[in-house]
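Subject: Structure for your review

Dear colleague,

Please find below the structure that I am handing over to you. My findings follow it, and I would be grateful if you read them with the structure open.

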Amino acid sequence: MEKIHLQRVAPAEIEQRSMEIIRSEMGPHSFTAEQLPVALRCIHTSADFDYVKNLVFTEGAVAAGLAAIRSGCTIVTDTQMARSGINKRVLEKFGGQAVCFMSDPDVAAEARERGETRATVSMERAAAIQGPVILAIGNAPTALVRACELMNEGKFSPALVIGAPVGFVNVVESKELLRSMPGEHIIAMGRKGGSNIAATICNAMLYMASDNQRE
């Protein structure tokens, strides 16, 4: 058996070393200084350099996200996995909270009664939240489409929409729809994304808002 030589790296240095490797390998990019930390964290989470090309930001997206966080926003996710991945300790320091309505019994009951998906009803619940909202979609294109419909109808005005559903059916189309909408957004274009990417984008801004204080 071939002997494998592993580097001895202190736990505190692993992320720093990882970021150094990512910066050295990511090549040319067009990210601004405030967008770059988001992109770096997406690559760090996924080990996928396609995010250099796939991530799209509106000009004021990161600033809008930071302002919402500092104002004690509600982050609404479309999966419990994404909600679990968000650093809620940092979010709560600003007076914010992370919620997901997908598994609420009343949401499931209403969805069955109306013949709709839980994702659709969840977005309608999100639209009723008072105060600033960051919408973080990492799984369901149905949720992203319904959110866009509500925004188009003037019934929902999130401070920022993170559009990162993953998969093959209506995923690309839902992201293109969001890209055509007014308002601030961060989108992982194409088929890639996921709950981990949606949470990572939130965390990148949480760490920026807190000067990288994570506890």
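Two strands are said to pair if DSSP finds at least two bridges between them. By that rule, strand 5 (residues 160–163) pairs with strand 6, in the parallel sense and over 3 bridges. Please bear in mind that this is a predicted model.

As background, the strands of a sheet pair through backbone hydrogen bonds, and the pairing may be parallel or antiparallel.

Strand 6 (residues 185–188) shows both kinds of pairing. With strand 5 the sense is parallel, and V161 stands opposite H185 of strand 6. With strand 1 the sense is antiparallel, again over 3 bridges, and the bridge partner of F57 in strand 6 is I186.

Which way do the residues of strand 6 point? H185 and I187 point one way, I186 and A188 point the other way, and all are buried. This may be read beside a general rule: in a regular strand the side chains alternate between the two faces of the sheet.

Elsewhere in the sheet, strand 2 (residues 74–77) and strand 4 (residues 133–137) run parallel and are joined by 4 bridges. T74 lies in strand 2 and stands opposite V133 in strand 4. Is T74 buried or exposed? Its relative accessibility is 6%, and buried means under 20%, so T74 counts as buried. Apart from neighbours within four places in sequence, T74 is in contact with Q97, V99, I129, P132, V133 and I134.

The helices

Two helix pairs involve helix 11 (residues 195–209). The axis of helix 4 (residues 61–70) comes within 9 Å of the axis of helix 11, and the two cross at roughly 70 degrees. Angles of 65 to 115 degrees count as roughly perpendicular, and helix 4 and helix 11 are therefore roughly perpendicular to each other. The crossing is right-handed. On the side of helix 4, the contact is made by V62, G65, L66, I69 and R70, and on the side of helix 11 by M205, L206, M208 and A209. By class, this contact has 7 nonpolar, 1 polar and 1 charged residues.

Helix 2 (residues 36–46) packs on helix 11 at an angle of about 135 degrees, with the axes 9 Å apart, and this makes helix 2 oblique to helix 11. Helix 2 also passes helix 11 in a right-handed crossing. P37, V38, R41, C42, T45 and S46 of helix 2 meet N196, I197, T200, I201, A204, M205, Y207 and M208 of helix 11. This contact has 9 nonpolar, 4 polar and 1 charged residues by class.

Finally, A109 is found in helix 7 (residues 105–114). With a relative accessibility of 33%, A109 counts as partly exposed. Between A109 and V62 there are 47 residues in sequence and, from C-alpha to C-alpha, 36 Å in space.

Yours sincerely,
A colleague

Terms used: Residues are numbered from 1 along each chain as its sequence is written. This is a predicted model: local features need pLDDT of at least 70, side-chain atom pairs count only at pLDDT 80 or more; totals for chains, interfaces and linings use all residues. Side-chain values use heavy atoms; hydrogens and water are left out. Axes are lines fitted to C-alpha atoms, for helices over the stretch in contact, and angles run from 0 to 180 degrees between N-to-C directions. Angles under 35 degrees count as roughly parallel, over 145 as roughly antiparallel, 65 to 115 as roughly perpendicular and the rest as oblique. A crossing is left-handed if the near helix is turned anticlockwise from the far one by less than a right angle, and right-handed if clockwise. Contact means heavy atoms within 4.5 Å. Ala, Val, Leu, Ile, Met, Phe, Trp, Tyr, Cys and Pro count as nonpolar, Asp, Glu, Lys and Arg as charged, and the others, Gly among them, as polar. Buried means under 20% relative accessible area, exposed over 50%, partly exposed in between (1.4 Å probe, protein chains only).
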